[in-house]
Structures are given as C-alpha cells and as structure tokens.
Amino acid sequence: MKELLILGAGTSGTMMSNSLRKALPQEKWNISIVDVEDTHYYQPGFLFLPFDIYTPKQLKRNIDAFIPKGVHLIQNKIDRIDKDQNTVILQDGVNIRYDILIIATGCHIAPEEIEGMQGPRWHKTIFDFYTFDGAKNLRDKLRDWEGGKLVVHISEMPIKCPVAPLEFAFLCDSYFSNKNMRDQVEITYVTPMSGAFTKPVATKELSYLLEQKNIKIVPDFNIEKVDTDNSKIIDYGGQEVAYDLLVTVPTNMGDEMTLRSGFGDELNYVPTNKFTLQSKVKENIFVIGDATDLPASKAGSVAHFQSDTLTENIQLYIAGKPLKESFDGHSNCFIETGNGKALLIDFNYDQEPVKGTFPIPGIGPLKLLKESRINHFGKLAFKWIYWNMLITGKPIPFVSSRMKLAGKEISNNDD
Amino acid sequence: MNEKTLAGYCIRCNDQGYLTDLEQWNKEVASEIAQEEGISMTDKHWEVIDYLQDQCRKEVAITIRKVGKSGVVNIKEFYQLFPKGPLKTASKIAGIPKPVSCI
Ligand SMILES: Cc1cc2nc3c(=O)[nH]c(=O)nc-3n(C[C@H](O)[C@H](O)[C@H](O)COP(=O)(O)OP(=O)(O)OC[C@H]3O[C@@H](n4cnc5c(N)ncnc54)[C@H](O)[C@@H]3O)c2cc1C
C-alpha cells in the first residue's frame, strides 16, 4: 500500500482529505491526517463573535465530523518532518512513513513576538480576535466597556484574512452606534501599510468608508513595543498611539514544526511553488493554505481554489506526469462594512480588485467593490457554505477556481 | 502610467513615483529619488537597496522583519537610514514596487 499523509485537519487539510479520498483508489492508497486539536473552528466567525452576532456554539464542530470514511485521523502533535527518510515524527515518538506528504498546518498568532504585548494586560485591555478565546474574551469586555480610545491594530504583514481588522473597525462603529454610545468611543485604525487600502481602484472606491464611519487612520506604523504602563503602542520611528482598549492582530506565523524540520522562512512558512503548490523542499511534499509562503491572501476561499490545483497535481505526480501550473492566486472575499452591508472583492496574482458583478458575469447577483445588503447576506451564507460544502470538497455553484475576467471592469492601468 | 525625467533619464513610473520597470533603474536615478525624499545616500543605504532589489528579483515578498533579519541592517538602523515608512521610501529608491496589501 502507498501512504498519503496530510498534516493539519483545519480548512485545507479537511478539504484535501475529502477530495483525495474520492480521487485515489482505496485499494492502492491509504490516507491519514494528523491534528493536535479535537475541535474544528469556523475562523471567519471570530470576527462576529465579539459583537454577539454569532454564538460560540455556532463556530465549533468536532474535528472528526468532516473527515470522510476511509481516512485515518491521528490526534497528536506533529514534532517534525524527516524529509530524507520520508517520515513524520509525532510528539509521542511514533513515526509515520509516507510516499506523499501534504502540509496544511496553517498559521497562528504569535503575540510573544512583540515586546510587552502578551504581559499581564493580555486579554484585559489588550485583545486579539484571531483565536476563539481572544474573540470570546473580547466579547465579554465589549459588553460592558464604558468607552474611550479604541485602537484596532495590525502588527505586521502578512496576516491571514488581511481585511478582517478593517472589518472589525467597521463593525465597532455599528456596534457602538447601536448601543447609543458611539460618541464615547474614538476609533483609530493603525496599520504598517501605507493606508487602509493600498491598491489604486480600491483606494479610489473605498476611502470614503473610513471618513463616513469617523475612523481615524495611522498608516506606516511598524510596532516596536507595547508600553503597558502608559497604555500606548510605540513604533520603530518613535511614533506613539495611546489606547484604552487595544485590539491587535499580532504577528502571524506558521507552525514551528517547519523550523524543527529544518525548513521554513523567517515566519515559519514553507517555500512553495506559487503555481503548482509543490514545495521547494522536496518533490513529494506539497503545501496548501495558510502554511505556504505564497504571495496570495491567506484565506479559506483561497485554500478552496488551491485544492482544485492540488488534487489534480497529486494525481499527475502519482502518474509521473508534469504538474499543472494552474493556481493563479485567485482570492474572493466579502468585506463586512457594518450596518448590515458588505462589499465583495475578487482578485488574483496579477489582477487587482475591480468593479463588476459576481459570480455570473453581467448578472451577479453580487456586486464587486460596492457596498450592498445582498453582499452582507453572502457573507453570512459563507458560514453555511463552509460547513456544508467547502470543507467537504463539494464544488460551489458558479464559482470557478481560476479568476474570470468577464463581467468585470478591467482597465489597462498596469501600475 | 506616467513618465518622469530623473537625472536626465526618461523613466516610467506610477502616479506615486514608483518605477514600473526595474530595468530602467540606475544609481543616478536612485540618488535623485533619494534627494526628493530628503535622503543623501551612503554605502549603507546602497547595501540596503541592493538587498531589496535582490529579493524583488527572486519574487520574495519584502517585509520589515525580513530586512531586519537580512544581516544588512537591523530594524532600528533601517529607520535611521530611511526615516518615516522606511520600506516605502527604500522601495521607491530601489525602483521596486511599493509593498501592498490585497485591497
Ligand atoms: C478572524 C478571522 C476571519 C477570517 N475571515 C475569513 C473570511 O471571511 N473568508 C475566508 O475565506 N477566510 C477567512 N479567514 C481565514 C481562514 O480561516 C483561514 O485562511 C483558513 O482556515 C486556513 O486554513 P488552513 O487549513 O490553511 O489552516 P487552519 O484551518 O488554521 O488549520 C491548521 C490546522 O493545523 C493544525 N496544526 C498546526 N500545527 C500542528 C502541529 N504541530 N501538530 C498537529 N496539528 C497542527 C491546527 O491544529 C489546525 O487545525 C479568517 C480567519 C480569521 C482568523
């Protein structure tokens, strides 16, 4: 028997276990998947949990609920990969030999990377919303917070779901407005980028949002440390921003397993071919989702598009044929703008987000780069699609893994 | 797309002044961009520029962290060389694209 091993049973690993179990013959290929957790979290829901829009229960399922029959789930921590021996070593010392390996260990927040962030004020006045505990503790804090300076902050790029912090700021505006206390809250958005929006079309179309919602922006802020004694964040250039409540997205990093295995870049991401998803580490190792070092967004929808490429390429690899360079960096995400509205953006490695209709060219019903109510329902429907279609590997109607240009206002503006 | 004359060369750039073709870059052009940014170039500056261009050619996404771990400068020194948004300024002088997010 041949062995295919998947590391990580989150969004990407679970999707791959479903699609490969269908694609590979049972009598020839064993498929196993390893994860240390026993819960599968719907991470996009962490954005809504702090505002009591979703309950904790809606965001959790048993991790084995979506692993198909015929795939062996191993609950353990991965210590490292011995690529020369084609073996994965688990924390309890058990070795698993593989013929093909898929790394899908995602990324996580690393607040310890920033001086002062994870001290005694962590989850008291300094919160993240990128973890289940962070989002839940922040919900409890917001429920009876009396107002003051609220700072929404990104520590450094890249982060998963790069628009989530901005959405968080927008949702704060509606949340405090609905509580009739918006005038007691000063919202500031602090980013290491040159602005909340950095691409020309999006900047032109969307800059009004910050003004409309009275959100102050501090760009080009590269945090050096959190000064908890004086409640302010300080950047390398000496800029300071004071807060009463700091909601930060700490540095995101890949799992340290890659470090222990002797590969991985300075943020523990795995060097990966951006078109084929084969690792640059060894030919029988493939990578998907947040664990890659690709210049694509780290998002569940992106992992979904990648899974089509990867499923095909694994079969080509087994057949000894050349891999397809079919992943184009396609990303597609809803951006919640508050007050029951949302935007939708669609882009890839080469094409910046533009206006148009989605998913059916000229018809929609969703509108790209424009606020609407139907986009908001699209965002909420994503939870249903995620649990019922996406991670179990069912195709999503009308949405193709390569980006379509039809129905979009593409100009020849190439900067 | 815009065109701009820098140090006597006609250079293609975007509307924020970032070069759109690294092939058109040379040290004289870079020095003039640096001057516009209020920076006078030293050997250390050139070393950083060299590193950034190298990363760009390798298609590696450039981050402040990466520069800090490059062995060329640490982050504090990077700020001293290119005050106020060093990655933005240094990228402009290096003739490589401005670091961007997805929107
Ligand atoms: C607040 C927030 C909002 C988001 N919003 C959206 C959105 O609107 N749309 C969207 O498409 N995406 C969104 N995302 C991103 C999306 O959730 C991720 O991109 C996606 O889950 C990535 O899937 P993955 O399989 O690569 O990683 P994960 O789903 O994180 O899975 C990684 C798995 O690997 C396991 N693992 C890691 N290391 C080890 C080890 N050493 N041993 C054993 N197991 C290990 C982990 O336990 C985990 O189960 C959001 C994320 C956040 C945090």
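Predicted model: local features only at pLDDT ≥ 70, side-chain atom pairs only at ≥ 80, totals over all residues.
Colleague: What makes 21 residues from chain B and 30 residues from chain A part of the contact?
Modeller: Contact means heavy atoms within 4.5 Å. The contact takes 21 residues from chain B and 30 from chain A.

Colleague: What area do chain B and chain A bury between them?
Modeller: About 2,200 Å², with 58% of it on carbon and sulfur atoms. Buried area is the accessible area (1.4 Å probe) that two parts lose on being put together, summed over both. In chain B, B:Arg65, B:Cys102 and B:Ile103 lose the most area to chain A. Together they make up 37% of what that side buries.

Colleague: Why is the pair B:Glu59 and A:Lys274 called a salt bridge?
Modeller: The term needs a side-chain nitrogen of Lys or Arg within 4 Å of a carboxyl oxygen of Asp or Glu. The closest N and O atoms of B:Glu59 and A:Lys274 are 3.5 Å apart, so the pair counts as a salt bridge. Between chain B and chain A the count is six salt bridges.

Colleague: How do you know how confident the predictor is in chain B?
Modeller: From pLDDT, the predictor's confidence in each residue, from 0 to 100. Chain B has a mean pLDDT of 91, and 99% of its residues reach 70 or more. For the complex, the predictor gives an ipTM of 0.85 and a pTM of 0.94.

Colleague: What ground rules apply?
Modeller: Residues are numbered from 1 along each chain as its sequence is written, and chains are lettered from A in the order in which they are written. Local features need pLDDT of at least 70, side-chain atom pairs count only at pLDDT 80 or more, totals for chains, interfaces and linings use all residues, and side-chain values use heavy atoms, leaving out hydrogens and water.
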